[in-house]
Amino acid sequence: MFSNSFLRTALPVAALCLALAACATPIPPTNISPAACNAEAARWAIGRAPDEATVERARTETGSRDVRVLKPGMAATMDFRPDRLNIDVNERGAITGLRCG
């Protein structure tokens with residue numbers, strides 16, 4: 001299947017790669033965690049329209065790095081991000097809830 005010359009070359013190279021990988025030092029995790037969002041800090045926004053000023057104020061006051069406005073039927077990713085503020089809006093365009101994630 002494999003020629004002898006191939007095996008004589010490939011096996012030492014594979015062994016060397018494995019040895020080098022075993023000696024590699026893993027990168028330690030950083031102690032810097034994403035800023036946690038506090039949705040309660042923006043409860044004042046419920047009932048308001050999600051205009052640019054309201055959304056930015058809510059983002060700032062909750063300590064969030066990112067914000068998204070979720071309208072009825074809108075597709076959204078299901079990934080959890082503790083630094084993101086989600087603003088739920090109803091059919092009339094009023095904010096109905098705020099949550100982190």
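Me: What makes E2 and E3 a pair of strands?

Reply: This is a predicted model, and in it E2 and E3 are joined by five bridges. Pairing needs at least two bridges. The sense is antiparallel. Across the pair, asparagine 86 stands opposite arginine 99 of E3.

Me: What is found between the two strands of the E2 and E3 hairpin?

Reply: Five residues lie between the strands. In this hairpin glycine 93 takes a positive phi, near 90 degrees.

Me: Why is isoleucine 87 called buried?

Reply: Its relative accessibility is 0%. Buried means under 20%, so isoleucine 87 counts as buried. The residue sits in strand E2.

Me: What does isoleucine 87 touch?

Reply: Leaving out residues up to four places away in sequence, isoleucine 87 touches Val55, Ala58, Val67, Arg68, Val69, Leu70, Ile95, Gly97 and Leu98. Alanine 39 is 48 residues away along the chain, and its C-alpha atom is separated from that of isoleucine 87 by 9.3 Å.

Me: Which residues make up the largest nonpolar core?

Reply: There are 11: Cys37, Ala39, Ala42, Ala45, Val55, Ala58, Leu85, Ile87, Val89, Ile95 and Leu98. Membership requires a buried residue of a listed type, joined to others through side-chain atoms within 4.5 Å. H2, strand E2 (84-89) and E3 each give two or more residues to this core. E2 gives the most, with three. As a general point, nonpolar side chains tend to be buried together in soluble globular proteins.

Me: What are the contacts of leucine 98?

Reply: Leucine 98 touches Ala39, Ala42, Arg43, Ile46, Ala58, Leu85, Asn86 and Ile87. Residues up to four places away in sequence are not counted.

Me: How do you know that cysteine 37 and cysteine 100 form a disulfide?

Reply: Their sulfur atoms are 2.0 Å apart. The cut-off is 2.5 Å, so the pair qualifies as a disulfide. By this rule the count is one disulfide.

Me: Why is the disulfide of cysteine 37 and cysteine 100 called left-handed?

Reply: The torsion about its S-S bond is about -70 degrees, so the disulfide is left-handed.

Me: Are cysteine 37 and cysteine 100 buried or partly exposed?

Reply: Cysteine 37 has 13% relative accessibility, so it counts as buried. Cysteine 100 has a relative accessible area of 25% and is partly exposed. The line for buried is drawn at under 20%.

Me: What makes glutamate 61 and arginine 57 a salt bridge?

Reply: Their closest N and O atoms are 2.8 Å apart. The limit is 4 Å, so the pair counts as a salt bridge. Glutamate 61 and arginine 57 are four residues apart in helix H2, which means about one helical turn separates them. Glutamate 61 is partly exposed at 36%, and arginine 57 is partly exposed at 39%. A search of the whole structure finds seven salt bridges.

Me: What does the salt bridge of arginine 81 and aspartate 66 join?

Reply: The N to O distance of arginine 81 and aspartate 66 is 3.4 Å. Arginine 81 lies in the loop between strand E1 (66-70) and E2, and aspartate 66 in strand E1, so the pair ties together parts 15 residues apart in sequence. Both are partly exposed: arginine 81 at 27%, aspartate 66 at 30%.

Notes
Residues numbered from 1 in each chain as written. Predicted model: local features only at pLDDT ≥ 70, side-chain atom pairs only at ≥ 80, totals over all residues. Heavy atoms only, no water. Buried < 20%, exposed > 50% of the residue type's maximum accessible area, 1.4 Å probe, protein only. Contact = heavy atoms within 4.5 Å. Salt bridge = Lys/Arg side-chain N within 4 Å of Asp/Glu carboxyl O.
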